[in-house]
Amino acid sequence: SASSSSSSASGGSKAPNTSLFVPLTVKPQGPSADGDVGAELTRPLDKNEVKKILDKFYKRKEIQKLGADYGLDARLFHQAFISFRNYIMQSHSLDVDIHIILNDICFSAAHVDDLFPFFLRHAKQIFPVLDCKDDLRKISDLRIPPNWYPEARAIQRKIIFHSGPTNSGKTYHAIQKYLSAKSGVYCGPLKLLAHEIFEKSNAAGVPCDLVTGEERVTIEPDGKQAAHVACTVEMCSVTTPYEVAVIDEIQMIRDPARGWAWTRALLGLCAEEVHLCGESAAIDLVTELMYTTGEEVEVRNYERLTPISVLDHALESLDNLRPGDCIVCFSKNDIYSVSRQIEIRGLESAVIYGSLPPGTKLAQAKKFNDPDDPCKILVATDAIGMGLNLSIRRIIFYSLIKPTINEKGEREIEPITTSQALQIAGRAGRFSSKYKEGEVTTMNREDLSLLKEILNRPVDPIKAAGLHPTAEQIEMFAYHLPDTTLSNLIDIFVDFSQVDGQYFVCNMDDFKFSAELIQHIPLSLRVRYVFCTAPINKKQPFVCSSLLQFARQYSRNEPLTFSWLRRYIKWPLLPPKNIKDLMDLEAVHDVLDLYLWLSYRFIDMFPDASLIRELQKELDGIIQDGVHNITKLIKISEAQKLLNLESLSAENQSRLSGTVKGQARRMRGAKTLGNKAAETPSPSVGEKSLASRLVQQGLLTADMLKQLEKEWLTQQTEHGKDKTEHGTPSKGTRRKKKEPDSD
C-alpha cells in the first residue's frame, strides 16, 4: 500500500500488473451456413503456409514493439498470439477480410505486418481491459476522497480530537456532548461498544436506536427513528444530519482491513460537531486530512486517571496468582492450557476470547467482576483491549508474540506493537473499577525487559488512512469487463487505483475469498458484491460452507426460512462435551450472525430474523454454560486426545518465549531489542518446546500432533523389533507420560 501511495501521489499512472489480466476464450469458428466465402473469392488456405506466416509474424521485433505501444507486454503478446494462432488454425472458415489478407501474404501480394490489425482485434477480444484502460483508470481514481461526500462538504464542521491513553476519560467527555445534543450518532469498532452506548443513552433518558450489521433496534414504539443512534462504524449514515457525531478508536483508520470505515466516517459524517476519540498517533494524519476539507482540528489532551506501573518481577509461576489478575494469551491453545493449570491449583477463572458470542463475553466479564463470585482470575486474549468493563488489578502477558496478518494478507509472527501493549496494559486499574492502581508484568522473566522496552517506545504516527472500492465503482468496472470474475475485477481495480499519499487501499483478501467461494453460483453482480462483503470467519469451514449454501438458495429464489435453518444447523443442539463441540457451537453462532446480517440486505429471502435472533439467544446460553465449564471440557478433550496441551515448566516456557522472539526478530531483520536471552535460544529446548512453538505459530494442530505421535511410536516399535532380531535387546520402552507439574 505504501508503494502504491507514493507512486500515485504525484498523479502519474503506473504501468498495470498484466499478470492480473486473465485471457478470455475465443472459440474457433465452425462451418458457416453461407459456406467459406473467403475461399470462394480467393482459394482455400494451405494451413502449413499459414502456420509459417504466423510464426514469422510472431518473431518480428517491429510487431512486438507495435504490440507494446498498444499495452501488450511480452507476456500478453505471447498469450494473445497463441490464442490468435489457435483461432486461425482451428477455424473451419475465417472472416472474409482475414482470409483474403492471409491469401495475399501467401502470394507475396501483402506484407506479414498487415496481419497486425487482425491480431490486435483478437487480442482485445481476449483481453478486453486493453480497450478501456483509460476508462478503468478514471473509475478507480481514489484521489481526493473528501469530494465523495457532498453533504458533509456543504457544511462547516467543528472537529474535536479527544486524545489520550486508555482510561483517561476521553470517550466519557465525548459521550457527554453526544448525550446533551439534540441529535447524535456514535460510531464504535465493536457491537459490544455500540450496545453499551445504546443502553447508557436510553438509561440517561435520551432515546437512542441501535444499528449494527446484524441488528436494528428502534426504541420508539411506533418504529420512528430516534434522534440518537449508536452503531458500528461500518453502519453509520453519511447522509443523515446530526448535531454531534462521536467516532471512537479513530486510530483504527490505519487498520489494513477495516480502516476504510473510519475514513468514510471522518470525511462523510454530516454533523455540526465531530468528536474523535483515540491515540495521539492519529492527530497529525487527521489534521492533514481535515486540512484538505478546510476544517480545523481542536485537540484536547487527557492524562490517565489512575496510575499504572510495570513491575520489576515476572509472575514466573501460576502459584503466584492473586485475585484481580488477568493473564493475556495470544492463542486459544494457551488459553486452554493456562485455564487447566489454574484449575489444578484449585482456583476458578473466567475466560474471554475473540470468537465467543458477545453475550458469553459479557457473562464471563460479569462473573469476574462480581465481588461475591469465587472466580477471581481472568484468562483472555487481546479481545479485552476494548469493549468490556473489567475490574483488573494486574495484567500478566503470558507471551509477547502475536500472529498477525499484514497489509499483503501474509501471516507474521512478531512481538506486539507499542500501541497493542498500551491498549491491553491500560485495562489494569481502571477508574471505574475497585482497583485504583494498575500493575503490568509478564509470565516469564526473559520477557519483562522486552515489555518495558515496548511500552516505553513512542507510538509511531499513523501515516495513511484506508480506502475501499464501492459497489458502484465495481459495477462500472464490470460494465467494461463483463466476463471477468468478481475476484479478478477486485485485483484489477486495486492495481489500477490511484491514491493520494495520505491514503492506502485496504486489504481485500476476505472479500476475494468469498468471491471465489461463490463464483460458480449464478447471481447478479450487486447481489454477489453484498454476499462477498458479509463478515465471515474464513477459518471456520462450516461458516464458509453456509455462505455457499445461502448463496445457492438465494440463486434458486428459495427463501431461507426458520424451519429450513433449524434443519440445516441440526437444531436442537446439545451442550458441548469437549472443546471441539464448543468450537462447533461458536461456528453455528457465527452462521446465525451471517443469516441476520443478510436478512437486513435481503429481507424477502431471509424473512425470519426475529425467530433466528431468539434461537441465537438460546445458543448463546448453551455456549455460556460450556465456557463456564471450560476446564472440564479441556480435561475431557485431553483424555480423548483431541487436545495435546503439555504443562510447560516456567523454565521451558521462558526458553520457548526466547526462541520465538529470536525467530520473530530474524524474520523482521530488525535491530536488537535488548533482550540477550531472546537472541540466543537455549540449545536444550526439548520436543515439548518445539511442539508448543509450532502450535503457537499455527503450523501444527492437535490432530497433526496426534498423528505424529502415532507414527513415531510405530517407528520406535519397528526399530525395537529390528534391534531384537539382530541380537540387541530393546532397551527401555516409551517413557511414562509425565503428569503436569505444579509449574
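User: In this predicted model, which residues is His 122 in contact with, leaving aside its neighbours within four places in sequence?

Analyst: Val 26, Ala 80, Ser 83, Phe 84 and Tyr 87. Contact here means heavy atoms within 4.5 Å. His 122 itself lies in helix 7, residues 116–126.

User: Why is His 122 called buried?

Analyst: Its relative accessibility is 3%. Buried means under 20%. Therefore His 122 counts as buried.

User: What makes helix 3 roughly perpendicular to helix 6?

Analyst: The axes of helix 3 (residues 47–59) and helix 6 (residues 96–106) cross at roughly 85°. They come within 10 Å. Angles of 65 to 115 degrees count as roughly perpendicular, so helix 3 is roughly perpendicular to helix 6.

User: Which residues make that contact, and how do they divide by class?

Analyst: Helix 3 brings Glu 49, Val 50 and Ile 53. Helix 6 brings Leu 102, Ile 105 and Cys 106. By class, there are 5 nonpolar residues, no polar ones and 1 charged.

User: How do you know that strand 2 is mostly covered?

Analyst: 5 of its 5 residues, 184–188, are buried. Gly 184, Tyr 186 and Gly 188 point one way, Val 185 and Cys 187 the other way.

User: What makes strand 2 and strand 5 a pair?

Analyst: A pair needs at least two bridges. Strand 2 and strand 5 (residues 228–232) have 5, in the parallel sense. Cys 187 stands opposite Cys 231 of strand 5.

User: How many bridges join strand 2 to strand 6?

Analyst: 4, and the two strands run parallel. In strand 6 (residues 241–247), Val 244 is the bridge partner of Gly 184.

Technical notes
Residues are numbered from 1 along each chain as its sequence is written. This is a predicted model: local features need pLDDT of at least 70, side-chain atom pairs count only at pLDDT 80 or more; totals for chains, interfaces and linings use all residues. Side-chain values use heavy atoms; hydrogens and water are left out. Buried means under 20% relative accessible area, exposed over 50%, partly exposed in between (1.4 Å probe, protein chains only). Axes are lines fitted to C-alpha atoms, for helices over the stretch in contact, and angles run from 0 to 180 degrees between N-to-C directions. Angles under 35 degrees count as roughly parallel, over 145 as roughly antiparallel, 65 to 115 as roughly perpendicular and the rest as oblique. Ala, Val, Leu, Ile, Met, Phe, Trp, Tyr, Cys and Pro count as nonpolar, Asp, Glu, Lys and Arg as charged, and the others, Gly among them, as polar.
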